[in-house]
Every structure is written in structure tokens, then in C-alpha cells.
Amino acid sequence: MHKETRKPIDYRMLFALDDDVIHFNAASVTPHPKVVVEAGQAALEVRRRPWEISTHHFSKNMEQLRGLIAKHLHCSVNSVALVPTVSHGMETVARNIELGSSDEVLIPSADFPSCYFAWRNACNRSGAELVLAPRPRLGDWTETILQHIGRRTRVVVVPQTDWSNGTHFDLKKIREATKAVGALMVNDISQSFCAAPYSVEEIQPDIVLSVGYKWQLGPHGLSFMYVAPEYYDWEPLETNWLDRANSADFTRHAEFRDDDLPGARRFDSGQRSQLQLVPMALAAQSFINEIGVADIFQNICGLNKWIAAGLSELGCVVVPDADRTGHLLAFSLPNWEYSASLMLALKENNISLSLRDHKYFRVSPHIYNTAEEADRFLEVMKELLQSHMYFTSRSRATDAASG
Ligand SMILES: Cc1ncc(COP(=O)(O)O)c(C=O)c1O
């Protein structure tokens, strides 16, 4: 790899990775940095001695985590809720919007199921129409979405980055269009949060959701939801005792008070203190905070540019730089029929990436990946594409597709 694109800092040493595996699959799940593993181990230690659990474990960690999520989203800490999944957050939103039979909800076709089902069901309940914007043949999702926003549009659900192939959505432009027709904009940024800059202040969305276990380097089971202040009075999905205003006072719980915690905290799911998950998520967000999202983005984009150029030289069809957010790269083979067998061959070479929509090889490195790994991947690809020996067995190809 060219010297200028080499990373000046060795982030890899902050992870405990196996040297013989290339993990280019952050879009599926990331390895935890060592500090996150340590935070998880320390949290388990606390559970071994529960008599030492204090209010610090219940609330302080959680508020620190909320503060870091707010920092990375560029919003107020009061607007952040901690939820288990994106689908949980999406369901909260879909249950709180009163749709009528003349309304439309717009989402990209082949969007992630956690976005689709909540709105499909809301449309079925109300008679509203779910409009699936078709994937554009060339990369420009923004234009396609803009073309589908009209007078009847009530809600637009869009990511910052297409989860299958990394193409970009210009959320500021889409926001302008939703404002012009009085529609809500909901962003699921699971595939970009903490890897690419995103700013609530600039974009002014109504709702933002993200998982915490992909680019965010944290555990499964804890996701994040931004709620704009005008929706603080929406109904949460559950009425949990910890979300009451007096929940910190363990002597007064049986007063059954109705007043909630301030801001979006009332959308926190039950058992929100998550004694194992919160310390790990906090360690992951602190780690990201120390490096900075801008540096993380620059690093990943540098690797991807190099990989994209190499793949193009090998004859692969690469989503162009200009159409991608930058951190998530995808390529396809000129003949998609061979995709599953190439996938299997890459797996046999200890290269982990994923195949989406039967044709997009999703290459999603993170700061733990090195220039040497990018070169090794390109060498393996060259050998495989030249040899063709992996493109013969159909049964093995089926195995790879399900892996
Ligand atoms: C774009 C996107 N949203 C959400 C999720 C996860 O959704 P949930 O938290 O509902 O399981 C994923 C998982 O791959 C995803 O890629």
C-alpha cells in the first residue's frame, strides 16, 4: 500500500485480534477493544459481589453513557434514550404517529427489516400507504427519495448509509424536503453512527436510532434513540418503575407516581441500568471519544479508497467513491452467479466480510484493520479471480451463501 495512506497510529494494538484473520465486517459486528472487554469482565466481577452494587452502578454510568452518545450525535443529553434494539425504538415512534388512510410512509426498498416491519404494521392498522422507494440503478439514493416525497408523505425513514452497499443519503437535503411537506424524518444510523460524522444540530431530524454493537464497538442489547424535544410527551412502549421521577429513592416506589424522568429518559426501556451492558457501552463510547469520530472516519475511508482502487483494477464493479458515505465499501462481480462461491473462497482464506442482496460484497473495515491487511485481501482476490477454481462447485456456493 502507498505510504501516504498508512495509519500513523497503531490502533490495532488496542484490540486483541487473531493475526491470521482479516475482519472486514464491522457492518455486521465489531470486535470489542481491550478496554471494553475489561469493562465487561469488571462488570461481571461486580455481579459476583452484588452487595457492593451502589447507585453509581445504577445511574452514574448510565448518565455518562447518555452524555457521550449526545456528544457523538451533537444533541442535548436530555434527548437521548437507551433502548434495547432499533426495532424497539422504531415501534415506539410508529405507535405514536397517528396515520390516516390518505397518508404515506416512505422508506427505501430493501431497507433493514427493523425499519420496515414497524411501519408496515402501522400502515396496515391505519390504512396508510407504505411507499418503498426503488433502489436507484446508479448510486444516487438522495434524488430517488426526494422524488418520492409529496403532499401525502407523513413520515420518511432513511439511513445515512445504505446497509447493503454503503451508498450515501444526503440527509440535509432530505430534511429540507420533509420540512416543506410537514413530514417527520426518522434516521436509523446503525450503519454509520461513530464511524462517520452525523450531527443532529445540522440535520435536525425528528428521531434517530442506532445499535451499539457495530461501528460503535459496544455490546449487543443496548441501542440509542434521539428524540426531538417536541415528542417528549409521546407514550413509551412500557411504564417502567425506573423511569419514574422518584426512582432513585428506593423508599418511595410504592407511591406509584406518574411523573416521568425528564426529557427522552422516559423512553428508556425497563432494567435500563443494565449492569453488564452499560459499563461496556460506556467504555466503547469513551474509546471512540478519545480517538474522535472524525479521525476514525478518515482512517477507514483511507483504507477503503485503497481497497476500492485495487478492486477496480481487478475488474470488480465498485460503488463509486462519490456515491458512498466512505466507511462502508461494496463491490460486485461482473457475473453475480459466482458471488456465493467467491464468498466461500474468501472465508477459506480467513477473510471475513458479508454478501448482501446476493450481489454486494460488503467490505467494512474499522480502525483495527491495517494497510497490510488491505494488501493481503487484494492479493487473495487477485489469485482467486485469476484461478477460477472456486467458481465451479454450485453446492459449495450454496453453503457459503448461508454462512
Ligand atoms: C441498518 C440496521 N438497523 C438495525 C439493525 C439491527 O436492528 P435491531 O436492533 O432491531 O435488531 C441492523 C443490524 O444489522 C442494521 O444493519
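Tutor: Start at strand β7, residues 207-210. I207 and L209 point one way from β7, V208 and S210 point the other way, and all are buried. Buried means that 20 or more other C-beta atoms lie within 10 Å of the residue's own; exposed means 12 or fewer, partly exposed is in between, and C-beta atoms are placed from the backbone. Strands (E, at least two residues) and helices (H or I, at least four) are DSSP runs, numbered from the N terminus.

Two points on the source come before the neighbours. This is a predicted model, in which local features need pLDDT of at least 70 and side-chain atom pairs count only at pLDDT 80 or more, while totals for chains, interfaces and linings use all residues. Residues are numbered from 1 along each chain as its sequence is written.

Now the partners of β7. Strands of a sheet pair through backbone hydrogen bonds, either parallel or antiparallel. Here, two strands count as paired if DSSP finds at least two bridges between them. β7 pairs in the parallel sense with strand β6, residues 184-188, over three bridges. D188 stands opposite L209 in that pairing. β7 also runs antiparallel to strand β8, residues 223-227, and four bridges join the two. V208 has Y226 of β8 as its bridge partner. L209 stands opposite M225 in β8.

Move on to β8. Five of the five residues of β8 are buried, so this strand is largely enclosed by the rest of the structure. Both of its faces are covered: S223, M225 and V227 lie on one side, F224 and Y226 on the other. β8 also runs antiparallel to β2, again through bridges, four of them. In that pairing, A81 has M225 as its partner.

Q204 lies in the loop between α7 (200-203) and β7. Its phi is near 55 degrees, a positive value in a residue other than glycine. Q204 has 16 other C-beta atoms within 10 Å, so it is partly exposed. H74 sits in the loop between α2 (55-73) and β2 (80-83). H74 is not a glycine either, yet it has a positive phi of about 60 degrees. H74 counts as partly exposed because it has 15 C-beta neighbours inside 10 Å.

The ligand comes next. Around it stand T85, V86, S87, F112, S114, P159, W163, D188, S190, Q191, V211 and S223. A residue is near a molecule if its C-beta atom, placed from the backbone, lies within 6 Å of it. D188, the residue opposite L209, is one of this group. By class, the shell has five nonpolar, six polar and one charged residues. Ala, Val, Leu, Ile, Met, Phe, Trp, Tyr, Cys and Pro count as nonpolar, Asp, Glu, Lys and Arg as charged, and the others, Gly among them, as polar.

Now step back to the domains. The assignment gives domain 1 (3-31 + 293-402) and domain 2 (38-290). These bounds come from an automatic or database domain assignment. The C-alpha centres of the two domains lie 29 Å apart. In all, 24 residues of domain 1 are in contact with 23 residues of domain 2, where contact means C-beta atoms, placed from the backbone, within 7 Å. On the domain 1 side, α9 (293-313), β10 (329-332) and β13 (360-363) each supply at least two residues. α9 gives the most, with five. That side of domain 1 divides into 14 nonpolar, five polar and five charged residues.

β10 and β13 also belong to an open sheet of four strands, in the order β9-β10-β13-β12, with antiparallel pairing. Its edge strands are β9 (317-318) and β12 (354-356), each pairing on one side only. Three bridges join β10 to β13. L329 stands opposite V363 in β13.

Helix α10, residues 339-348, is largely enclosed by the rest of the structure, because eight of its 10 residues are buried. Among them are L342, M343 and L344. Just after α10, N350 takes a positive phi of about 60 degrees.

Last, confidence. pLDDT is the predictor's confidence in each residue, from 0 to 100. The protein has a mean pLDDT of 91, and 94% of its residues reach 70 or more. Over residues 392-403, pLDDT stays under 50. For that stretch the model has 17 contacts beyond four places in sequence.

Key: Two residues are in contact if their C-beta atoms, placed from the backbone, lie within 7 Å.
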